[in-house]
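Welcome, and please open the structure in your viewer. We will walk through it one selection at a time.

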Number of protein chains: 2
Amino acid sequence: MASYTEILLRAALKKHGFRLTPQRETILNIFQTLPKGKHLSAEDLYELVQRQGEVISLATIYRTVKLMSQMGILRELELAEGHKHYEINQLSPPHHHLVCVRCHQTIEFVNDLVLEVGQKQANSASYDLLDCQLTIHAICPEALQEGWPSSLSEDWQCPRSGLTGDSHH
Amino acid sequence: MASYTEILLRAALKKHGFRLTPQRETILNIFQTLPKGKHLSAEDLYELVQRQGEVISLATIYRTVKLMSQMGILRELELAEGHKHYEINQLSPPHHHLVCVRCHQTIEFVNDLVLEVGQKQANSASYDLLDCQLTIHAICPEALQEGWPSSLSEDWQCPRSGLTGDSHH
DNA sequence: TTCATTGCAAAGACTTTGCACTTGC
DNA sequence: GCAAGTGCAAAGTCTTTGCAATGAA
């Protein structure tokens with residue numbers, strides 16, 4: 001599963017009776033040109049579309065990422081920000097996430113074992129694997145040192161913030 | 001990490017300056033007496049509390065499961081139902097989930113490799129591991145056969161429904 | 001007594017949906 | 001042409017929060 005050209009996307013959609021619309025093309029394009037490891041929320045995507053001069057309604061954004069996730073084109077990530085994030089589903093190799101429950105900073109990593117486990121598990125139940133995500137919840141050293149979770153103040157700024165690909169507000 | 005008695009819970013809370021309240025005890029109790037592998041949404045928990053004659057406000061339910069998850073007492077699961085589920089965090093061994101994106105039926109499984117990977121990853125970043133979850137998104141044989149996702153009707157009932165521990169409405 | 005915790009109700013964040021219009025095929 | 005797709009605005013669902021009252025230590 002390399003990269004979805006318009007042709008491939010059309011084929012994938014057609015296979016299920018869906019249509020290729022400019023909106024769907026635009027959205028797929030954005031995900032394809034996204035820096036590796038970056039993931040977007042619906043809102044992020046909405047803004048990115050606007051920034052390149054087009055407009056797609058939020059409703060369509062939601063409908064599209066949902067559809068594409070269900071088709072296996074996108075991965076739906078549930079990190080710790082309270083809303084979903086999406087990225088291109090590159091099955092080779094998918095990366096996983098280590099998330100600090102305190103500051104939400106996310107470290108991505110790759111591990112082939114995980115996919116093997118997932119594939120094996122899906123196969124053994126005769127399921128068709130779409131995606132496979134290992135999410136590790138942990139506390140980062142900075143938060144630990146700060147004595148977390150005794151101080152629940154939501155305003156503490158982890159010095160780690162801004163270092164990695166954390167794309168929420 | 002065997003089972004939280006009142007004593008242990010108090011100690012864990014005290015360590016962070018939190019208090020032991022009847023509500024917190026009740027909630028922990030419910031999770032402890034829950035059948036293995038069963039997980040609850042906030043709403044589920046709210047109803048279970050009522051069914052045993054007590055009343056805890058939804059706000060407190062939410063605050064409590066959040067706190068306990070952040071303390072590592074509960075695991076916060078993000079499956080495919082659009083809301084979070086919680087269960088006791090038994091680090092030995094944590095189980096993982098294979099979820100059908102179509103019918104939301106969930107198969108649980110245990111795999112030691114996953115925890116090893118998680119632990120190793122957390123350690124290498126000097127994080128303190130709280131939880132480690134592998135979530136596999138896939139399509140169940142029944143849905144595949146039904147031609148999913150070409151038929152997006154939300155009313156299709158997977159014959160698999162009701163077989164396993166799927167606790168949403 | 002003191003400060004964490006609770007309950008209530010209101011607010012918030014995110015997502016979905018009904019409907020009329022548009023458009024791919 | 002017709003069913004699928006879109007945009008809009010309204011409605012939902014789940015979750016959080018302000019505040020006064022309560023209660024654990």
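**A stop-by-stop tour**

Start by selecting Arg63(B): an N or O atom of its side chain is 2.7 Å from a base nitrogen of DNA strand C, a polar contact (a pair of N or O atoms within 3.5 Å). This is a predicted model, where local features need pLDDT of at least 70, side-chain atom pairs count only at pLDDT 80 or more, and totals for chains, interfaces and linings use all residues. Residues are numbered from 1 along each chain as written, chains are lettered from A and ligands numbered from 1 in the order written, and side-chain values use heavy atoms, without hydrogens and water.

Next, pick Arg19(A), whose side chain places an N or O atom 3.0 Å from a base nitrogen of DNA strand C.

You will find seven nonpolar, six polar and eight charged residues; Ala, Val, Leu, Ile, Met, Phe, Trp, Tyr, Cys and Pro count as nonpolar, Asp, Glu, Lys and Arg as charged, and the others, Gly among them, as polar. Colour α4(A), which gives the largest share, four residues.

Finally, move to Val114(A), in helix α5 (residues 112-124) of chain A; helices are DSSP runs (H or I, at least four residues) numbered from the N terminus. Val114(A) counts as buried because its relative accessibility is 2%, and buried means under 20% relative accessible area (1.4 Å probe, protein chains only). Its contacts (heavy atoms within 4.5 Å) include Val117(B) and Leu134(B).

Methods
Polar contact = N/O pair within 3.5 Å; in protein donor to acceptor, adjacent residues only side chain to side chain. Helix = DSSP H or I, 4+ residues; strand = E, 2+ residues; numbered from the N terminus. Buried < 20%, exposed > 50% of the residue type's maximum accessible area, 1.4 Å probe, protein only. Lists of a residue's contacts leave out its neighbours within four places in sequence.
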